[in-house]
Amino acid sequence: MNHATAVHETVAALRSIREQWAELLLAIETPPADVWPPRQLAHILRADDEQLVVEDRASLVLREHPAPANLDALDTGLAIERQVFALADTLAAAVQHAGHGDPRRWEFRNPGAADARGAAGSRAHGLHFACVWVEGRVLDEDTDPEQQLDGTLAAPPFAPLPPHLVHEARRTARMAEGRLLRTLGLDQRTTPVPDRPCPWCGGELTLHTDPEEAPRVTCSTGEDCTAPVPLDDRGRRVWGWADLVGLVGALAAAEQRVAA
């Protein structure tokens, strides 16, 4: 694999982790969910949820979890933090020149610090910060000499990342991304929607997920299904992202009719 491809895939994986991290934090506080509804609809269907500002959340290792609702999600989050934090430590040890007090510096753990956040170093800023910092090293940001106020040039805060560490960053980031997507059910998979037949024809509904696309649902009946949605290239009725809230409502109404 060439260098440019390794850099591109690493950055894409790190950004995917950052984008889905709020969903994982929500999953830790929520009992394991059924296949339906898709997790991406969580914020729409639960309008009373507090908005998660990921940048302001402390790392999982510094929080108390007296009774997490989803242990699998918590284990995934802790494992990903360990992987990304350890990667940042490795890259910093190899290429960091930034001095103490430079906000771009990755601070290592300091067990002798007076408080837990100080002892954690830059890990205290959480997973989001670590991903951004690692991305900067992979992209060779801040690797040119910097002009000082007196006109002299100072050594850059970081050296360019050696190729073997770019590939190590790619391996770690893609591994962490894969586990995160699997835990959230957002990896590429096709899953029958249990106990919820199509409200229009009674056919079997199937949820299709992909990390690079919005979820969609298809009906097994095909074009004979009277649902007011288009057909896909295999002749199945398909609910795309814009139609899924309507399908949620139709399924809920069908369940109410059965219960009555």
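The report below takes the helix, then its packing, then the strands. The model is predicted.

**Helix α6**

Helix α6 covers residues 163-184, 22 residues in total. At 1.5 Å a residue, α6 should span 32 Å, and its end C-alpha atoms are 32 Å apart, so the two values agree. Gly185 follows α6 and has a positive phi, near 70 degrees.

**Packing of α3 on α6**

The axes of α3 and α6 lie 10 Å apart, and the helices pack at an angle of about 170 degrees. Angles over 145 degrees count as roughly antiparallel, so α3 is roughly antiparallel to α6. On the α3 side, the contact includes Asp72, Ile80, Gln83, Leu87 and Ala94. On the α6 side, the contact includes Leu165, Glu168, Met175, Arg179 and Thr183. By class, the contact of α3 with α6 has 11 nonpolar, 5 polar and 4 charged residues.

| Pair | Sense | Bridges |
|---|---|---|
| β4 (residues 205-210) and β5 (residues 213-219) | antiparallel | 5 bridges |
| β5 and β6 (residues 238-239) | antiparallel | 2 bridges |

A hairpin of 2 residues joins β4 to β5. Which residue in β5 is the bridge partner of Leu207? The partner is Val217. Thr218 stands opposite Val238 in β6. In a regular strand, side chains alternate between the two faces of the sheet.

How values were computed. Residues numbered from 1 in each chain as written. Predicted model: local features only at pLDDT ≥ 70, side-chain atom pairs only at ≥ 80, totals over all residues. Heavy atoms only, no water. Helix = DSSP H or I, 4+ residues; strand = E, 2+ residues; numbered from the N terminus. Expected span 1.5 Å × (residues − 1). Axes fitted to C-alpha atoms, helices over the stretch in contact; angles between N-to-C directions. Parallel < 35°, antiparallel > 145°, perpendicular 65-115°, else oblique. Contact = heavy atoms within 4.5 Å. Nonpolar A, V, L, I, M, F, W, Y, C, P; charged D, E, K, R; others polar. Pairing = 2+ DSSP bridges.
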